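Here is my note on the model.

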Amino acid sequence: MRWTDLLVLLPAAPYQLAAFPFAALFHHLCASGHLSLTARYIFLLAGGCLLASTAMGSYAVLLLIPATGSVLILLFVSPAHAHTWVFALQMSWQTLCHLGLNRQELDPQDARPAVALSAIMLLTQKATSLALDIHEGLMPLQLGQGLLQRALPFCSYLLFFPALLGGPLCSFSTFRARAESCGALPRPLRAAGQRCLSAVALQGLRVGLAGGLAGRQGCAGLGCLPPVWVRALLLRLAYYLHWVLDEALLEVAGFGPEVGQGDLSVRDLWTLETTHRLAVFARTWNKSTSRWLRRLVFQRCPAQPLLATFAFSAWWHGLRPGQVFGFLCWAVMVETDYRIHPFLSTWATSQGMKLLYRGTTWVFTQLIVAYILVAVETESFPMLCLLWTSCNSILPLSYGLALLLLLAKKPKQN
């Protein structure tokens, strides 16, 4: 594991780093009063288009088409039906892009398709969130304005460059408020610098762990327990690094997330690594996406909302076999977690039993999370079959059996 491996695991990272000077320039121009509100929207939109063409090349067209279509729907379709049309457009287009690009024999060294797919997924989040705000009356339309005046903020929100390739989801009202007050609110480089230092520390930890474990002899591959856990740990560190870099770029531009609204804080990191509850891990992992899924699917689904949410997450991620299996397995594990912990906690009465209960369930949570992450990231079906038939499947199968035994015995406690 080398520092250059960062470019393989996080293909958008070089372009995110290259956008830092432009984000700093944008904030400086806003703070000095050289940019009007319209000029700010144009700057953010032009920067997004430039970043898309640089990072994706000709694949940027796959991003611009649904963005344009969503804006046209929001402008010309009634608020009562706009969300349905935007959702259908975004998910249909995203699914076609996933299926089309995954079936082509692409150059493994070409990161542009992966960057484009990631940007399309983020665009789906922003477009459906904006459409829901309009549908629910949280963001009334400015009907007295001209067509271009109404379209420019929408286009800027969907394609503004600090959040084009990554970053926590923010609402349109938050984006507009930040754009209006970007120069007034102090956005020192201190917060962004702290996040960049955290990113360097995380990558250094990944390099150290991978280097220290590379020379160890023993069982290797997905058929053994230790390699799966180690691989999942390195994947988690890569995700943490990605989220920290994204939020650092937003901080520099003046769009940093509010406290508790980002994807990763020190408290979130502590929760993810120390919780003994799979349900808590699921709610804390990638928090802005979890909130988006809860609002889009969980709160609007009349039956089996938990299963529907994880099934939709598999669809949103691309519907590869590993993703379908991983997210459906995750749903079963979370459902079991809701039911089994009230049952186990009744047996943990003494201090020693409580310590044993928390320690054992923490180990189980770590192993199940490792199993799910590796399954989701597994791209080939033969490798997924190897994971299925390995000893790593014993614990998830045990949880599934426990769910069947507890399903009718005790009601779920959230």
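1. A point of terms comes before the rest. Helices here are DSSP runs of H or I with at least four residues, numbered from the N terminus. The model is a predicted one, so read every value below as computed from it.

2. Start with Lys287. This residue lies in helix H14, which spans residues 287–296. Is Lys287 buried or exposed? Its relative accessible area is 17%, so Lys287 counts as buried; the cut-off for buried is under 20%. Setting aside residues up to four places away in sequence, Lys287 touches Gly260, Gly262, Asp263 and Asp268.

3. Next, the packing of H14 on helix H15, residues 305–317. The two axes come within 10 Å and cross at roughly 120 degrees. That angle makes H14 oblique to H15. The crossing is right-handed.

4. Which residues meet at that crossing? From H14 come Thr289, Trp292, Leu293 and Leu296. From H15 come Thr309, Phe312, Ser313 and Trp316. By class, the contact of H14 with H15 has five nonpolar residues, three polar and no charged.

5. Now the second pair. Helix H17 covers residues 351–377, and helix H18 covers residues 381–388. Their axes come within 9 Å and cross at roughly 160 degrees. H17 and H18 are therefore roughly antiparallel, as angles over 145 degrees count as such. The crossing of H17 and H18 is left-handed.

6. H17 supplies Tyr371, Val374 and Ala375, while H18 supplies Leu384, Leu387 and Trp388. Six nonpolar residues make the contact of H17 with H18, with no polar and no charged ones.

7. Met383 also belongs to H18. Its relative accessibility is 35%, so Met383 counts as partly exposed. The C-alpha atom of Met383 is 9.2 Å from that of Gly322, and these two residues are 61 apart along the chain.

8. Finally, Ser393. This residue sits in the loop between H18 and helix H19 (394–406). Its relative accessibility is 5%, so Ser393 is buried.

Definitions and conventions:
Residues numbered from 1 in each chain as written. Predicted model: local features only at pLDDT ≥ 70, side-chain atom pairs only at ≥ 80, totals over all residues. Heavy atoms only, no water. Axes fitted to C-alpha atoms, helices over the stretch in contact; angles between N-to-C directions. Helix = DSSP H or I, 4+ residues; strand = E, 2+ residues; numbered from the N terminus. Parallel < 35°, antiparallel > 145°, perpendicular 65-115°, else oblique. Left-handed = near helix turned anticlockwise from the far one by under 90°. Contact = heavy atoms within 4.5 Å. Nonpolar A, V, L, I, M, F, W, Y, C, P; charged D, E, K, R; others polar. Buried < 20%, exposed > 50% of the residue type's maximum accessible area, 1.4 Å probe, protein only.
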